[in-house]
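Welcome! Below is a short tour for anyone meeting this structure for the first time. Have a look at the picture, and then read on.

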Amino acid sequence: MAAAAAALRAGLRAGRVCSGARRCFSGAGGGAGLLAAERGHEPESRASRFCPPAHSCNDWIGPPDRQSNLRPIVFHIPKNESSLGRRLREFRQETQVWNQQFWASQNVSFRKGKEEFVYSRLKAKGLEMKDETGQKVTLSAEEMADFYKDFLSKNFKKHMCYNREWYKRNFTITFLMGQVAFERAWRRLGWKKTKVGN
Amino acid sequence: MSAARRCGPPRALTGLFVWHLPKPAVRQMPCKFMHCCGVANKRWITFQHLNFLKRMYVTQYNKDLSQQAKPKSDPVAPPFLEKKHLGQEKTVLREIRPVSPLHPPLSETPNRNEFKAVNSAAIVEDLATAVGAESKEEKQWKEMKLQLDDLPGILARLSKIKLTALVVSTASAGFAMAPVPFDLTCFLLTSIGTGLASCAANSVNQFFEVPFDSNMNRTKNRPLVRGQISPLLAVSFAASCAVPGIALLTLGVNPLTGALGAFNIFLYTCCYTPMKRMSIVNTWVGAVVGAIPPIMGWTAATGSLDAGALLLGGILYSWQFPHFNALSWGLREDYSRGGYCMMSVTHPVMCRRVALRHCLALIGLSTMAPILDVTTWNFPLISLPINLYISYLGFRFYRDADRSSSRKLFFCSLWHLPMLLLLMLTCKKSLIEKEDKSELLS
């Protein structure tokens, strides 16, 4: 929970800190992030470690996250951002963090459950986790099928809630994007008119 | 809308959801049917190897379709440090040796200095490694700016252009099988309209499934997942394909075809896509989605929903099951983790039974073709070998329930459908024959 809160804060910070900031390397920070991962804490979100170049006025998208497989986005804050634009950006940021939390926990619990299942099955067979060569012993797909079925049914309700929420958010974001695009076009038309007038 | 089913996210519209059809196999399908299976296999592996370099998260076991995702492990610092540490020591030692004979009393201090040098060198190396990793990661960040040069490629991937091509080809087969004189203009309008509708449906599907696609290896390089295009643009593209596509079909061909096209888009985007995560019934819905394109082709030519149209649709519908069920057998892990409700995960026995049942149904449907005056009696005879073969593989899949039998059935289905449609075309009941018959009767 604390780690999730920290990630949320870091995610929200990312949108503000990097607006117009200089390119920053965080070598030590990167190392600390790695160490944090090793110690079992959720490392600082990648988005907070990356700063886009100052001249850029677009969003930046990063490599897939190790845990959630989702690509983080660092949002650009334009100088003349409207309230609608800010609402969109903040909503996108919040959705990104929410998505990240869901999929990270989902993948982690899947991996854990899989390992526990393999361990219990191997134990029942009387085998060790690693064979003579030190390689991890894996079960066949047919043996794993029980686990996959079980995992899917256990997480069904969670997925249903996630799906509903995701569809709602996706539609809202796209609708807001449309509104912002329309607003920008309208403004540009308005400026052109005043230019022509002058 | 799809003809064959591909790996990866659960099926798209019935019929031509070719998830995993390699490019060479698609090109070769009309020509080398007999070799297609083997070629597809080899090309499949080569295609995978090429993609391996691009993908960070795929662990590709030998001859394994499942593409189990394995997160990239962190570069473990200590062993790496040790290597560098030893390397530094060795190089420093080599330098010191020639000096020591000249200054024997001072032999201790060079060693201590050497040790300090090695330590600081190691620290510098550590930082350099971390900075190197950071800069490598920095390079992976991309600006989300739409490059107009890349736009055609991006839109092609967004609309699943290969799948769309297969959908259009099944619609063309439906058009060609219709018992009316061939009208080129109508044929072209139908093909373009169906293609646009399919592009729209596929784009909307990708728009809905961004986080799920990110988590499955097969689909994680899609444009929306990679941020190459914004969701707004994707939706706009879908709308700008759907509206002209359906309008073309309704006004340029006939309203029935237009209605079928619109219905198919709705079925695929609003029924099949959300249902994939809710219930296993999605497979049957998807099968209907794939069956509709050939029906559209037929209605475009004749203007009415005949028994022949339904037969063609029935053949595509039945074909979906051995194709998709065999494919999904190797993707159970990804489906389970991603929360997809597929028969192969929840009801494995039913999955195999349904596949076998529909393989056998193909034999029955092929026999119905001459009865409905769609083809001559040659068709059930010459299609019997391939239908029996796919049924045999379906039976093996049902009995063995393992990776090799599922792969065999899947690859067979890839060449089986085009072969069946081709045989059907060659055995089409000629119009002259029909006219003679009606003359004789009157």
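Chain A of this predicted model averages a pLDDT of 76, and 72% of its residues score at least 70. Chain B averages a pLDDT of 79, with 70% of its residues scoring at least 70. For the complex, the predictor gives an ipTM of 0.74 and a pTM of 0.72.

**How confident is the prediction?**

- Within chain A, confidence is highest in helix H4 (residues 83-125), at a mean of 92, and lowest in helix H2 (residues 27-38), at 39.
- In chain B, pLDDT stays under 50 over residues 1-45, a stretch for which the model has 204 contacts beyond four places in sequence.

**Where the two chains meet**

- On the chain B side, 51 residues are in contact with 57 residues of chain A.
- Together the two chains bury about 4,900 Å² between them, and 61% of that area lies on carbon and sulfur atoms.
- Which residues of chain B lose the most area to chain A? They are B:Glu138, B:Trp141 and B:Met144, which together account for 16% of what that side buries.
- Across the interface, 17 residue pairs are in polar contact, counting pairs with both residues at pLDDT 80 or more.
- The chain B residues that touch chain A divide into 24 nonpolar, 12 polar and 15 charged.

**Salt bridges**

- Over all chains, the count comes to 17 salt bridges. The pair that crosses between chains runs from A:Lys114 in helix H4 of chain A to B:Glu333 in helix H14 (residues 332-338) of chain B.
- In this pair, the closest N and O atoms of A:Lys114 and B:Glu333 are 3.1 Å apart.
- Across the interface of chain B and chain A, one salt bridge is found.

- An open sheet of three strands runs in the order S2(A)-S1(A)-S3(B), with antiparallel pairing.
- Strand S2 (73-74) of chain A and strand S3 of chain B stand at the edges with a single partner strand each, so one side of each is left without a neighbour in the sheet.
- The link between the chains is the pairing of strand S1 (residues 60-61) of chain A with strand S3 (residues 142-143) of chain B, antiparallel and over two bridges.
- Which residue of S3(B) does A:Trp60 stand opposite? A:Trp60 faces B:Glu143 there.
- As background, strands of a sheet pair through backbone hydrogen bonds, either parallel or antiparallel.

**A closer look at A:Ser153**

- A:Ser153 sits in helix H5 (residues 141-154) of chain A.
- The side chain of A:Ser153 reaches the backbone oxygen of A:Asp150 at 3.0 Å.
- How far apart are A:Ser153 and A:Lys192 in sequence and in space? They are 39 residues apart in sequence and 58 Å apart in space, C-alpha to C-alpha.

Terms used:
Residues numbered from 1 in each chain as written. Chains lettered and ligands numbered in written order. Heavy atoms only, no water. Contact = heavy atoms within 4.5 Å. Buried area = accessible area lost by both parts, 1.4 Å probe. Salt bridge = Lys/Arg side-chain N within 4 Å of Asp/Glu carboxyl O. Polar contact = N/O pair within 3.5 Å; in protein donor to acceptor, adjacent residues only side chain to side chain. Nonpolar A, V, L, I, M, F, W, Y, C, P; charged D, E, K, R; others polar. Pairing = 2+ DSSP bridges. Helix = DSSP H or I, 4+ residues; strand = E, 2+ residues; numbered from the N terminus. pLDDT = per-residue confidence, 0-100.
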